[in-house]
Amino acid sequence: MLTRTSNVDHLEVKLVSFSSVIQLGDSSIINGLSRALAVQREAEIFFGDEGNFPSYPIFTRPLPLSPITETMSFLQHNINPIIKVNNINAIAVSSSSILHVGNSRNVSMESRIKHIRQLRLEGHEQDIL
């Protein structure tokens, strides 16, 4: 099944962060999961009891994946068994993402981000909470 070979002459990545991976070579299963709370406030105030993922339904809801009902027919013919790339230059790989050079059988990636904006009430822009 994994019949193609990847050949990369030069790979440069400036930053790999937050559980991200650079995978060189074939793999069987890739599962990437990222959950984040992105809180933006007008005032720089931090509470110690924040960051409880189960408090937000976005982190517990099942993924709305539509079932595949169509019949698919697939015929693959690789004339050249080598995928050749001269240069890969990435600024960053972040938040459980994967830069993969090679073949993989199964890939599943999931990212859930809750964005929260906390603004001061109109007329109270100068107040500190």
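**Dimensions**

I looked up the radius of gyration of the protein chain and found 22 Å, whereas a compact globule of 129 residues would have one near 14 Å. The radius is taken over C-alpha atoms, and the globule rule is 2.2 Å times the number of residues to the power 0.38. The C-alpha atoms fill a box of roughly 70 × 40 × 25 Å along the principal axes.

**Basis**

I note that this is a predicted model, where local features need pLDDT of at least 70, side-chain atom pairs count only at pLDDT 80 or more, and totals for chains, interfaces and linings use all residues. Numbering starts from 1 along each chain as its sequence is written, and side-chain values use heavy atoms, with hydrogens and water left out.

**Elements and contacts**

I found zero helices and six strands in the protein chain (DSSP runs: H or I of at least four residues for helices, E of at least two for strands). Of the contacts with a separation of 6 or more, 84% come from residues 24 or more positions apart (contact: heavy atoms within 4.5 Å).

**Burial and rings**

I read 14% of the 129 residues as buried (buried is under 20% relative accessible area, exposed over 50%, partly exposed in between; 1.4 Å probe, protein chains only). For aromatic pairs, ring centres of Phe, Tyr and Trp (its six-membered ring) must lie within 6.5 Å, with planes under 30 degrees apart stacked, over 60 edge-to-face and the rest tilted. By this rule I count two aromatic pairs. Tyr-56 and Phe-59 form an edge-to-face pair, 6.5 Å centre to centre with 80° between the planes. Tyr-56 counts as partly exposed because its relative accessibility is 25%, while Phe-59, at 4%, counts as buried. Ring pairs link Phe-53, Tyr-56 and Phe-59 into a cluster.
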